[in-house]
Amino acid sequence: MKKIFFVIAIIISLSVNAQVTKVSLQASGLTCSMCSNAINKALKTIDFVDKIEPNIKTSNFDITFKPGSKIDFDKLKNKVEDAGFFVSRFIATVRFDNVQIKPGEPVAIGDKTFQFVNFKDQVLNGDKALRIIDKGFLSAKEYKKNAAAFGDVKGTKIYHVVI
């Protein structure tokens with residue numbers, strides 16, 4: 001019981017030392033500017049999205065958020081899918097302030113829990129790009145390759161990330 005309480009206390013204490021500042025996602029299946037426009041329109045309907053900067057050549061969408069908003073990664077992914085496309089890369093930029101990460105220990109950032117994969121013990125400071133490597137947040141081929149690092153975690157709300 002003490003061990004569970006200790007882990008929860010660590011996760012809660014870490015959540016105040018980091019915040020998501022922006023997301024860059026790449027969509028797959030785009031063939032023209034109308035495809036990009038469909039995704040752009042879909043993403044603009046999300047209440048916490050402030051600004052979207054699409055790049056038609058690379059199929060990237062850089063998304064910033066309204067101050068104080070609760071950011072939902074799954075909602076962003078689902079809007080891309082609802083527009084008829086897939087997310088092939090999803091990178092969240094997170095601002096850290098002395099956050100210690102260790103193997104096997106999840107880190108809470110706001111209302112999200114992240115499990116870092118393939119890294120060394122370290123203290124994170126400043127803006128770091130975290131690439132989500134869970135199913136639906138990268139290509140199917142890459143997911144198969146990365147899933148071996150953390151196993152199948154269907155139904156969990158832990159995002160597996162690499163720096």
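Lys 112 is buried, since its relative accessible area is 6%. Here buried means under 20% relative accessible area, exposed means over 50%, and partly exposed lies in between (1.4 Å probe, protein chains only). The structure is a predicted model, in which local features need pLDDT of at least 70 and side-chain atom pairs count only at pLDDT 80 or more, while totals for chains, interfaces and linings use all residues. Residues are numbered from 1 along each chain as its sequence is written, and side-chain values use heavy atoms, with hydrogens and water left out.

## Overall architecture

The protein contains 4 helices and 8 strands. Both kinds of element are DSSP runs numbered from the N terminus: helices (H or I) have at least four residues and strands (E) at least two. Read from the N terminus, the order of elements is α-β-α-β-β-α-β-β-β-β-α-β. The protein has 163 residues, of which 40% count as buried. If one takes the contacts (heavy atoms within 4.5 Å) between residues at least 6 apart in sequence, 67% of them join residues at least 24 apart.

The average pLDDT, the predictor's confidence in each residue on a scale from 0 to 100, is 85, and 84% of the residues score at least 70. Residues 1-16, however, have a pLDDT below 50, and this stretch makes 9 contacts in the model beyond near neighbours in sequence. Where pLDDT is low, the predicted coordinates should not be read in detail.

## Strand E6 and its partners

Lys 112 belongs to strand E6, which spans residues 112-116. Of the 5 residues of E6, 4 are buried, so this strand is largely enclosed by the rest of the structure. The side chain of Lys 112 forms a polar contact of 2.9 Å with that of Asp 111. Such a contact is a pair of N or O atoms within 3.5 Å; within protein, one atom must be able to donate a hydrogen and the other to accept it, and residues adjacent in sequence count only if both atoms are side-chain atoms. Apart from residues up to four places away in sequence, Lys 112 touches Ile 71, Asp 72, Phe 73, Val 107 and Tyr 159.

Two strands are said to pair if DSSP finds at least two bridges between them.

| Strands | Sense | Bridges |
|---|---|---|
| E5 and E6 | antiparallel | 3 bridges |
| E6 and E8 | parallel | 4 bridges |
| E7 and E8 | antiparallel | 2 bridges |

Which residue of E6 stands opposite Ala 108? That residue is Thr 113. Thr 113 also has a bridge partner in E8, namely Ile 158. Further along, Gln 115 is paired with His 160 of E8. Strand E8 covers residues 158-162, and E7 covers residues 122-132. The bridge partner of Ile 132 in E8 is Val 161.

E5 and E6 form a hairpin with 2 residues between them, and Gly 110 in the turn has a positive phi of about 65 degrees. Val 107 lies in E5, which consists of residues 107-109. This valine is buried, with a relative accessible area of 1%. Although Val 107 and Ile 158 are 51 residues apart in sequence, their C-alpha atoms are 9.3 Å apart in space.

## Helix H3

Helix H3 comprises residues 73-82, and its buried residues include Phe 73, Asp 74, Leu 76, Lys 77 and Val 80. These residues cover an arc of only 160 degrees around the axis and therefore lie on the same side of H3. The arc is that of the directions from the helix axis to the C-beta atoms. At the start of the helix, a side-chain oxygen of Asp 72 comes to within 3.0 Å of the backbone nitrogen of Asp 74. After H3 comes Gly 84, with a positive phi near 100 degrees.

## Ser 24 and the cysteines

Ser 24 is part of strand E1, residues 18-28. Its side chain makes a polar contact of 2.9 Å with the side chain of Asp 62. Leaving aside neighbours within four places in sequence, the contacts of Ser 24 are Phe 61, Asp 62, Arg 89, Phe 90 and Ile 91.

How many disulfides does the model contain? With a disulfide defined as a pair of cysteine sulfur atoms within 2.5 Å, the count is 0. Cys 32 is in no disulfide, and the nearest cysteine sulfur, that of Cys 35, is 3.7 Å away. Cys 35 is likewise in no disulfide. With 36% relative accessibility Cys 32 counts as partly exposed, whereas Cys 35, at 11%, counts as buried.
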